[in-house]
Structures are given as structure tokens and as C-alpha cells.
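Reader: Please show me the sequence and the model. Then let us go through the fold by question and answer.

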Amino acid sequence: MTEDKLVVLGESGVGKSALINQFVHSYFIEVYDPTIEDVYLKEVKIDDEWHLLNILDTFEYEDYTPMKEIWLNVGEAFLIVYSITSRRSFDKVATIREEVKMMQEYSDYVSIILVGNKCDLENERQISREEGQDLAKTFNCPFFETSAKDRINVDESFFSLAREKKFQNEKR
Ligand code: GDP
Ligand code: MG
């Protein structure tokens with residue numbers, strides 16, 4: 001079985017913990033301790049191959065966050081999340097990606113996918129789907145709009161990340 005070390009990154013409140021819990025446990029957590037760092041395990045079959053997904057939930061992605069180096073070092077693939085209702089969280093994505101690339105040995109083949117969460121909140125939308133898509137295009141990475149609440153594109157995102165890891169590793 002392949003083990004994939006996945007790390008979920010993004011500004012506080014974008015729904016990282018909600019997405020992971022929806023993926024692993026199939027329910028939506030309305031309020032989750034924002035300071036929790038936790039590891040989740042899930043076995044899934046992707047393209048006829050069993051994967052053990054080891055998913056690290058993170059918090060407070062800031063310049064000074066002491067744990068950040070460890071997160072970026074141990075991860076093999078990164079789900080970068082913003083909220084479609086928050087321009088601030090979207091503006092943070094580029095920095096996060098730069099830092100991921102900086103910390104990874106094979107920086108040209110780093111495995112990243114971009115996720116715009118909370119797509120159920122259409123009337124609070126600040127980031128259009130096109131804007132998300134365009135950013136992902138400049139990163140040359142897969143892109144999904146998700147809703148942890150309504151379970152939209154949740155499995156797809158994590159599966160895509162595991163596929164992306166395999167794809168990038170094969171190019172190294
Ligand atoms: P984190 O800090 O990135 O881990 O964010 P959380 O998972 O704790 O979510 C922050 C808040 O956003 C919580 O109140 C969640 O209930 C809410 N939330 C997360 N995902 C969604 C979503 O897809 N749709 C909606 N409407 N709310 C969400
Ligand atoms: Mg959280």
C-alpha cells in the first residue's frame with residue numbers, strides 16, 4: 001500500500017478542518033477548535049491501488065508560525081485552501097505556495113492542488129470561479145471549488161491530490 005503524507009494549508013477559517021472531517025468521517029463540523037493540529041488516516045482505493053492517506057490538519061499559517069517548517073518538510077503533497085468568501089484568504093495562497101516550493105527538495109515537481117472552499121455560500125462570494133481557475137493555471141495545478149458543508153468535490157480534491165503526488169513523483 002502506498003502511503004501519502006498530505007498537508008492541508010490555508011488561512012484560519014477557510015474550512016480546512018471541516019474539509020478533512022467531511023472527507024474522513026463524512027460529516028460537517030460546524031465549529032471546530034481553530035488551534036488543533038491533528039493527523040487523520042484514511043484508506044482509500046484510487047485507480048485500483050490502495051492508498052493510506054495520512055492527512056495533517058494545520059492552523060494559523062502566519063510568518064511566525066513555528067510549526068510551519070515542519071509541516072512543509074514532512075508533507076509530500078499540499079492542499080492549499082482559500083474561501084470563496086474571503087479575498088484575504090485568496091491573496092494568501094501565492095505566499096503559501098512559494099513557501100511550500102522553497103522547503104521542498106524537488107521544487108519543480110512539488111505536488112499541490114488549489115481549493116476554493118465554501119462554494120455553497122454563493123451570495124457571499126468574493127472570488128469568482130475564473131479567478132481561482134486562472135491562479136491554478138499559473139501554478140499548473142488542479143483546481144476545485146468545494147463545499148465541506150454540502151460535501152461538494154471533497155473526495156475529488158483529496159483523490160486528485162494523491163494522484164498529483166504520484167504524477168509529480170514520476171517526473172522526478
Ligand atoms: P479552518 O480554520 O481552516 O480549519 O476552518 P474550519 O474548518 O474550522 O471552518 C471555519 C468555519 O467555516 C466554521 O464555522 C465552519 O463551520 C465553516 N465552514 C467550513 N467549511 C464550510 C463550507 O464549505 N461551507 C460553509 N457554509 N461553511 C463552512
Ligand atoms: Mg482548523
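**Strands, helices and a ligand**

Author: Ile80 stands opposite Leu114 in β5. This is a predicted model, where local features need pLDDT of at least 70, side-chain atom pairs count only at pLDDT 80 or more, and totals for chains, interfaces and linings use all residues. Residues are numbered from 1 along each chain as its sequence is written, while chains are lettered from A and ligands numbered from 1 in the order in which they are written.

Reader: In what order do the elements of the protein run from the N terminus on?

Author: There are five helices and six strands. Helices (H or I, at least four residues) and strands (E, at least two) are DSSP runs, numbered from the N terminus. The order is β-α-β-β-α-β-α-β-α-β-α.

Reader: Which radius of gyration does the protein have, and why does it agree with a compact globule?

Author: The radius is taken over C-alpha atoms, and the globule rule is 2.2 Å times the number of residues to the power 0.38. For 172 residues a compact globule would come near 16 Å, so the protein agrees with its 15 Å.

Reader: What is the order of the strands in the open sheet?

Author: The sheet has six strands with mixed pairing. Two strands pair if DSSP finds at least two bridges between them. The order is β2-β3-β1-β4-β5-β6.

Reader: Which strands stand at the edges?

Author: An edge strand here has a single partner, so one side of it is left without a neighbour in the sheet. The two are β2 (38-46) and β6 (143-145).

Reader: Over how many bridges do β4 and β5 pair?

Author: β4 (residues 77-83) also pairs with β1 (residues 2-10), in the parallel sense over five bridges. On that side, Ile80 is the bridge partner of Leu9. With β5 the pairing is in the parallel sense too, over seven bridges.

Reader: Why is β5 largely enclosed, and how many of its residues are buried?

Author: A residue is buried if 20 or more other C-beta atoms lie within 10 Å of its own, exposed if 12 or fewer, and partly exposed in between; C-beta atoms are placed from the backbone. Ser111, Ile113, Val115 and Asn117 point one way, Ile112, Leu114 and Gly116 the other. β5 is largely enclosed by the rest of the structure because the buried residues number seven of the seven.

Reader: Is Glu156 buried or partly exposed?

Author: Glu156 is found in helix α5. It has 14 C-beta neighbours inside 10 Å, so it counts as partly exposed.

Reader: Against which elements do the buried residues of α1 pack?

Author: Eight of the ten residues of α1 are buried, among them Leu19, Ile20 and Phe23. Contact means that C-beta atoms, placed from the backbone, lie within 7 Å. The buried residues pack against β1, β2, β3, β4, β5 and α5.

Reader: Which residues come nearest to ligand 1?

Author: A residue is near a molecule if its C-beta atom, placed from the backbone, lies within 6 Å of it. The largest share of the shell, three residues, comes from helix α1 (residues 16-25). Of the 19 residues around ligand 1, the nearest are Gly15, Lys16, Ser17, Ala18 and Lys149.

Conventions. Contact = placed C-beta atoms within 7 Å.
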